Amino acid sequence: MKGLIELLRVPSLLTIQDAGRKGYRKLGVPVSGFMDDYSARIANYLVGNPGNAPLLEFLLAGPVVRFNASAVFAVVGDVEVRLNGAPIDPWTSHWAKRGDVLEVGTLRSGLYGYIAFAGGIKCEKLLGSCSAYPRAKLGRPLKAGDRLSLGYALLTGREGRYLPKELRPDYSGNEREIRVVLGPNLEHFSEEGIETFLSETYTVTPESDRMGYRLDGPAIEHSSLGADIVTEPLLPGAVQVPANGKPIVMMRDAQTTGGYAKIAAVVSADLHLLAQSRPGAKVRFKAVEVEEAQKLLRKREKTIEAIRAFLEEKMRAYKVKVSGKEFTAFAGKVK
Amino acid sequence: MKPELKPAGDSALLVSFGETIDEEVNEKVHALAKRLEQARFEWLVEVVPAYSSLAVIYDPTLVGFEEVKRAVEGIRVTSERFEGRLIEIPVVYGSSYGPDIEFVANYNGLSVDDIIEIHSKPVYRVYFLGFLPGFAYLGGMDERIATPRLEKPRLKVPAGSVGIAGKQTGIYPLESPGGWRLIGRTPLRLFNPAKEPPTLLQPGDRVKFVPIEESEFREIYLEEWGEGVD
């Protein structure tokens, strides 16, 4: 069978994800999809796929995979990768032939890694998406012995694409600044509470998963209106604060509505940074206006687009030094 | 009443008619949701209604907050009625299907038959769906049968279980952990991803519970799920 790959070992949560489910949130179906869309899209571009193609997302430790047919793949993450026992580079597309065994190690930094295959993983779309949401039996976590088929793709020319280190997102370091747009339930918080949220440091706790990240730190004070609201829509990035004052940041598998007051929402351009923060990581929140947040996202989209063009060799990347600081500049034409 | 429009992050605008649980306000929410969907704005991703609020989710690479705000402000929904369908939901009350029904009866100083009668009498309103795929927030339960949640939630509640939590009643669309007092179970499938739409209930629908016998439950269950119960 063409494009068949077999999972030999699955040490931790491994799921198929794509860009997520759209249009079903009013029926209570979460959006799901890539926890780190930045890395996942680059993984897809490395093997010549559209950015939203279904791929493998692993939590912390990657799987061991056997190829039962030729394929082109890329592993994305700060991780050791071996093909038939020999070390190979992550952030690079490689050719695998029938019988080859790919071993993906444990991430040195970050929390989620990705394995993309040229053609994408073939899967049954449920409600328009392949993203696993096991709570509603929309897909399931993968296990050893599972076999995956790949979509058809011409493999020639798709291997050997490489993203230089300076263009990769950096998830090392234990402290991050995460930007947020305040609201929409600010009236449920005291002025001191908002001040606490914006000035103190919060720690990601082990009670964090694809649904939400629970943070620990100084309690955020509510106003006399209290922590409970009449249930409202809830989106990934929303920062809910229940009565104990400890914030919970909703992630991709968040339920679509919620009854705790929301002090803020993480900006779309930064949500992947939080997603990649391990338990123990320190987070500080900085407020920006909604217009600024949208500018940041558009800038980020341009960067991802430039990276895609670079990987498809429509652009070249140069290192530029400006007053002692090094930047990466792209030259060429996108589209 | 003029709603408040505010950002919920950089990809959604929250329309809020005030924090209230009110049928007329909820009708406005659904009417506005429908109008927005019909307007086919290219930047509109989807809308998510709740009791008295609506999230307008948009693509911020295509449009800014102010433009979305103006577009929403331009939609008039003042006197519109949103009339949902009436869905009958068959329920076996009591026994192993509703293990907490005696507790609910004792707690409220009523008999089990009273609970069944009071619970199956009203026409409930689906204010919105949330919490789990296909889970309907129903309004209209008689407060005489209100009962607090379990102190220790069950690890596994079967799909279709009908429960009471405080002044609310609801149906578990999926097998999941849960702390509601279970009074019965429906054989209908509230969430089926193979169907379009995947949920039995839609926002704005009206619901009537119809008591049935265990034999009927088994028949309908087999039809709905393609397999026998348990």
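## Burial and overall form of chain A

In chain A, 48% of the 335 residues are buried, a residue being buried if 20 or more other C-beta atoms, placed from the backbone, lie within 10 Å of its own, exposed if 12 or fewer do, and partly exposed in between. This is a predicted model, in which local features need pLDDT of at least 70 and side-chain atom pairs count only at pLDDT 80 or more, while totals for chains, interfaces and linings use all residues. Residues are numbered from 1 along each chain as its sequence is written, and chains are lettered from A and ligands numbered from 1 in the order in which they are written.

Chain A contains four helices and 23 strands; helices (H or I, at least four residues) and strands (E, at least two) are DSSP runs, numbered from the N terminus. The radius of gyration of chain A is 21 Å, close to the 20 Å that the globule rule gives for 335 residues, so chain A is as compact as a globular protein of that length. This radius is taken over C-alpha atoms, and the rule is 2.2 Å times the number of residues to the power 0.38. Along the principal axes, the C-alpha atoms of chain A fill a box of roughly 65 × 55 × 35 Å. Of the contacts in chain A with a separation of 6 or more, 74% are between residues 24 or more positions apart; two residues are in contact if their C-beta atoms, placed from the backbone, lie within 7 Å.

## Backbone features

Most residues other than glycine have a negative phi, and most peptide bonds are trans. Trp91(A), although not a glycine, has a positive phi of about 55°; it is found in the loop between strand 7 (86-88) and strand 8 (93-96) of chain A. Trp91(A) counts as buried because it has 22 C-beta neighbours inside 10 Å. Leu127(A) likewise has a positive phi of about 55° without being a glycine, and its place is the loop between strand 11 (121-122) and strand 12 (147-150) of chain A. Leu127(A) is also classed as buried, because 22 C-beta neighbours lie inside 10 Å.

## Contact between the chains

Contacts between the chains involve 36 residues of chain A and 42 residues of chain B. On the side of chain A that touches chain B, strand 16 (228-233) and helix 4 (290-311) each supply at least two residues. Helix 4 of chain A gives the most to that side, with seven residues. The residues of this side divide into 19 nonpolar, 10 polar and seven charged; Ala, Val, Leu, Ile, Met, Phe, Trp, Tyr, Cys and Pro count as nonpolar, Asp, Glu, Lys and Arg as charged, and the others, Gly among them, as polar.

Ala8(B) is found in the loop between strand 1 (4-7) and strand 2 (12-16) of chain B. Ala8(B) is buried because 29 other C-beta atoms lie within 10 Å. Leaving aside neighbours within four places in sequence, the contacts of Ala8(B) are Pro184(A), Leu235(A), Ala238(A), Ala265(A), Leu13(B), Leu14(B) and Ala55(B). Ala8(B) and Ala55(B) are 47 residues apart in sequence, with their C-alpha atoms 8.0 Å apart in space.

Four strands of chain B form an open, antiparallel sheet in the order 1-2-4-3; two strands pair if DSSP finds at least two bridges between them. Strand 1 and strand 3 of chain B stand at the edges, each with a single partner strand, so one side of each has no neighbour in the sheet. Strand 2 and strand 4 of chain B pair in the antiparallel sense over five bridges, and Ser16(B) stands opposite Ser53(B) in strand 4.

The 17 residues of helix 1 (residues 23-39) of chain B should span 24 Å at 1.5 Å a residue, which agrees with the 24 Å between its end C-alpha atoms; the expected span is 1.5 Å times one less than the number of residues. Buried residues of helix 1 of chain B, including Val29(B), Leu32(B) and Leu36(B), belong to a set that packs against strand 2, strand 3 (44-49), strand 4 (53-58) and strand 6 (124-129) of chain B. Helix 1 of chain B is followed by Arg40(B), whose phi is positive, near 50°.
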